[in-house]
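Biologist: Could you walk me through this model? I have some questions ready.

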Amino acid sequence: MSAFSKAKGFKKSKAGTYLSIGTTAFGALAVAKQVRAARDEHDTLRLVDAVVTGAAIVTGIALLLRELKRLGDDDVLLG
């Protein structure tokens, strides 16, 4: 089995999905910092960018949670 196919399999695993959720949530810290800086500098354009980026993070996490649920539904042991 090649390293690529192992990595591809990990991405579709529960552990890979949890890792993706964690790294995506970690991005929320950068967005919060960007929002604070934009508010301090009264920079509306940066604030809008941070809000849009935050919405993308929320959507990404929702998609990953859905994938996690789907992986759980496929698990024979979970019923």
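What follows is a short exchange about the model shown above.

Modeller: Happy to! This is a predicted model, where local features need pLDDT of at least 70 and side-chain atom pairs count only at pLDDT 80 or more, while totals for chains, interfaces and linings use all residues. Residues are numbered from 1 along each chain as its sequence is written, and side-chain values use heavy atoms, with hydrogens and water left out.

Biologist: In what order do the elements of the protein run from the N terminus on?

Modeller: Helices (H or I, at least four residues) and strands (E, at least two) are DSSP runs, numbered from the N terminus. The protein has three helices and zero strands. The order is therefore α-α-α.

Biologist: How far apart are the end C-alpha atoms of helix 2?

Modeller: Helix 2 covers residues 14-40, which is 27 residues. The expected span is 1.5 Å times one less than the number of residues, so helix 2 should span 39 Å. The model agrees, with the end C-alpha atoms separated by 40 Å.

Biologist: Which residues of helix 2 are buried?

Modeller: Buried means under 20% relative accessible area, exposed over 50%, and partly exposed in between (1.4 Å probe, protein chains only). In helix 2 that gives Gly-16, Thr-17, Ile-21, Val-31, Gln-34 and Ala-38.
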